[in-house]
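Good morning, and thank you for joining. Please look at the sequence and the structure as they come up, and keep both in view while I speak.

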Amino acid sequence: MSIVDTPERRQLRELTRAFVTREVLPHLDDWERAGEVPRALHATAAKLGLLGIGFPESVGGSGGDLLDSIIVTEELIRSGGSSGLVAALFTHGIALPHMVAAAGARTGGSLSGRLGGAARLGDDDLIDRYVRPTLAGTMIGALAITEPGGGSDVAGIRTTARRDGDHYVVNGSKTYITSGHRADFVTTAVCTDFPGSGELTLLVIGKGLPGFTVGRRLEKLGWHCSDTAELSFVDVRVPVTNRIGAENTGFLAIMQHFAAERLSLATQAYATAQRCVELATRWCRDRETFGRPLASRQLVRHRLAEMHTRAEAARSYVHEVAVRVAAGEPVVTEVAMAKNVAVAACDQVVDQALQLHGGFGYLRDAEVERHYRDARILGIGGGTTEIMNEIIAKGMGL
Ligand SMILES: Cc1cc2nc3c(=O)[nH]c(=O)nc-3n(C[C@H](O)[C@H](O)[C@H](O)COP(=O)(O)OP(=O)(O)OC[C@H]3O[C@@H](n4cnc5c(N)ncnc54)[C@H](O)[C@@H]3O)c2cc1C
C-alpha cells in the first residue's frame with residue numbers, strides 16, 4: 001500500500017469528494033461568473049475539517065501533514081472542482097504558514113529561533129488574531145509578494161516599511177494577489193532597509209487600515225472563481241506586533257514555504273491532467289464518428305494511453321518528492337523538478353483532452369474548457385517554469 005493511500009487518507013479523499021459533490025458542483029459555474037467563491041464556503045469547509053488540514057490542532061487546524069493536504073487538493077480537482085477553486089478556498093495555505101512557523105506551532109520548534117531570533121509573544125498573538133479565525137472559516141487571508149515591477153526576483157521587492165515608534169509606515173504596491181479582494185488581512189513582504197536591498201520582513205496588514213486600498217479586480221484567462229487584486233499602500237501604519245518573526249527574516253521564510261506552495265501547484269497540475277484524462281476517456285467512449293465510437297480507433301486509444309501515462313508518472317514523482325519534503329529532507333531541486341514535470345504533463349494533457357472533444361471542447365459548457373484555461377497559470381504562479389529551471393541548474397552545480 002502506498003504511503004499516500006492509507007485507510008485514513010482514503011477517508012479524507014471520500015470526505016473531500018462528498019464536499020465537492022454537495023457544496024461545489026451545483027454552484028461552480030455561478031462562482032466562475034461572479035469572479036469569487038462565497039465566504040460561506042470557507043465556513044462549510046472549516047466545519048468539515050478540510051480547511052485546517054495540514055495545520056496543527058494547537059493553532060485551530062485539523063492536524064495532518066503535507067501529504068494530507070495533497071490528497072485534499074488532488075480530490076478537489078479530480079471530483080470536478082478546479083485549480084481555481086483550490087486557489088480561492090485554500091489561499092490560507094500560502095497566507096498562514098509563516099505565522100504558524102514563527103510561533104513554533106507547526107514544527108514544534110520556533111522558526112524564528114532557527115533563524116537566530118527569539119520566538120516572540122507577538123507571534124502567538126498573530127495565531128489568535130489571524131490563524132484561528134481563518135482556519136475556522138470566518139476570516140480570509142492572502143499572501144502579497146509580487147509587485148508591478150516583478151515577481152520572479154523576490155529579493156528585489158520595493159515596498160518599504162519604515163519604523164516609527166510602535167508602528168511601521170508601509171509604502172508600495174502589490175499585484176496579482178489571489179483572494180486580495182475578499183481578504184481580511186494580507187501577509188505582506190516588505191523591505192525594512194532601502195528598496196530592493198533584499199532584506200525582507202513579513203507584516204500582516206489588516207484590511208481597512210487608512211492608506212491601504214484594494215484596486216480593480218483583475219480579469220484573467222482562467223481561475224475565474226478566484227479573485228485577483230492589486231493592492232496599494234500609502235503611509236499605512238501597521239503595528240509592530242503584526243510583524244512575523246524577527247526583522248529581515250522574511251526572505252528565508254518565504255523561500256522555506258515555497259516548497260509547500262510549489263508542491264500544491266504541482267498537485268493541481270497532475271490532478272487537472274488526471275481529471276482531463278477521465279473526461280476525455282468518457283467522451284471518446286460515447287462519441288461516435290463515422291459510425292463507431294472514437295475510443296474504438298487505435299490512434300485515439302493510444303493518445304488516451306499516453307495522456308494517462310503522463311498524468312500517472314507526474315503524480316508518482318510529485319508524491320515521491322512530497323514524502324521526502326514531509327520527512328524534512330532538503331529537496332529544493334526536486335521540488336522544482338516536480339513542479340515542472342507536473343506542469344508539462346498537465347499542459348500536454350489538457351490540450352489533447354480539449355482536442356479530443358472537438359468543437360464541444362471549445363465551449364464554456366465543457367468542463368475541459370475550464371481546465372484548459374485554468375492550467376495555464378500553473379507554470380507561472382509560485383515561481384515560473386524558467387525560475388524552476390534556474391533552481392534545477394543550480395542543483396546540478398551549473
Ligand atoms: C492568477 C495569478 C495569481 C497569483 N497569485 C499571487 C499571490 O497570491 N501572491 C503573489 O505574491 N503573487 C501572485 N501571483 C504572481 C506570480 O507569482 C508571478 O506572476 C510570478 O512569480 C512571475 O512573476 P512576474 O509575473 O512578475 O514575471 P517576471 O518576473 O516579470 O518574468 C517574466 C518572464 O521572464 C521569465 N524570467 C524572469 N527571470 C528570468 C531569468 N532570470 N531567466 C530566465 N527567464 C526569466 C519568467 O519565467 C517569465 O516567463 C499570481 C499571478 C497570477 C497570474
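The accessible surface of the protein amounts to about 17,000 Å², and carbon and sulfur atoms account for 53% of that area. Accessible areas come from the Shrake-Rupley method with a 1.4 Å probe, and for residues only the protein chains shown count as cover. The model is a predicted one: local features need pLDDT of at least 70 and side-chain atom pairs count only at pLDDT 80 or more, while totals for chains, interfaces and linings use all residues. Residues are numbered from 1 along each chain as its sequence is written, and side-chain values use heavy atoms, with hydrogens and water left out.

Let me continue with the overall form. Of the 398 residues, 51% count as buried, where buried means under 20% relative accessible area, exposed over 50%, and partly exposed in between, with a 1.4 Å probe and protein chains only. The protein has a radius of gyration of 21 Å, which agrees with the value near 21 Å for a compact globule of 398 residues; the radius is taken over C-alpha atoms, and the globule rule is 2.2 Å times the number of residues to the power 0.38. Along the principal axes, the C-alpha atoms fill a box of roughly 80 × 45 × 40 Å.

The secondary structure comprises 14 helices and ten strands. These are DSSP runs, numbered from the N terminus: helices are H or I with at least four residues, strands are E with at least two. Among contacts between residues at least 6 apart in sequence, 75% join residues at least 24 apart, a contact being heavy atoms within 4.5 Å.

I turn now to charges. The protein carries 43 positive and 46 negative charges, and their mean positions lie 3 Å apart. Here Lys and Arg count as positive and Asp and Glu as negative, with His and the chain ends not counted; the place of a charge is NZ of Lys, CZ of Arg, CG of Asp or CD of Glu.

How many salt bridges does a search of the whole structure find? The search returns 23, a salt bridge being a side-chain nitrogen of Lys or Arg within 4 Å of a carboxyl oxygen of Asp or Glu.

One of them joins Arg-315 and Glu-74, at 3.2 Å from N to O. Arg-315 belongs to helix 11 (residues 298-326) and Glu-74 to helix 4 (residues 66-78), so this pair ties together parts 241 residues apart in sequence. Glu-74 counts as buried, because its relative accessibility is 0%.

Since Glu-278 lies in helix 10 (residues 250-286) and Arg-78 in helix 4, the parts tied together are 200 residues apart in sequence. Glu-278 is partly exposed, at 25% relative accessibility.

Glu-278 also meets Arg-275 in a salt bridge, at 3.9 Å from N to O. These two residues are three apart in helix 10, and are therefore separated by about one helical turn. Arg-275 counts as buried, at 10% relative accessibility. Salt bridges with shared partners also join Arg-13, Arg-17, Glu-74, Glu-75 and Arg-315 into one network.

Next, helix 13. Is helix 13 (residues 367-375) largely enclosed or largely open? Seven of its nine residues are buried, so the rest of the structure largely encloses helix 13. The buried residues include the charged side chains of Glu-369, Arg-370, Arg-373 and Asp-374. Their cover includes helix 2 (28-34), helix 4, helix 5 (83-89), helix 10 and helix 12 (332-356).

Finally, some individual positions. Ser-179 is not a glycine, yet has a positive phi of about 65°; Ser-179 sits in the loop between strand 3 (167-178) and strand 4 (185-191) and is buried at 0% relative accessibility. Phe-290 also has a positive phi, near 50°, and lies in the loop between strand 9 (288-289) and strand 10 (292-293). Phe-290 is exposed, with a relative accessible area of 82%.

Ser-226, in the loop between strand 6 (212-217) and strand 7 (228-239), is buried with a relative accessible area of 0%. Beyond its neighbours within four places in sequence, Ser-226 contacts Gly-35, Gly-84, Ala-87, Ala-88, Thr-178 and Lys-220.
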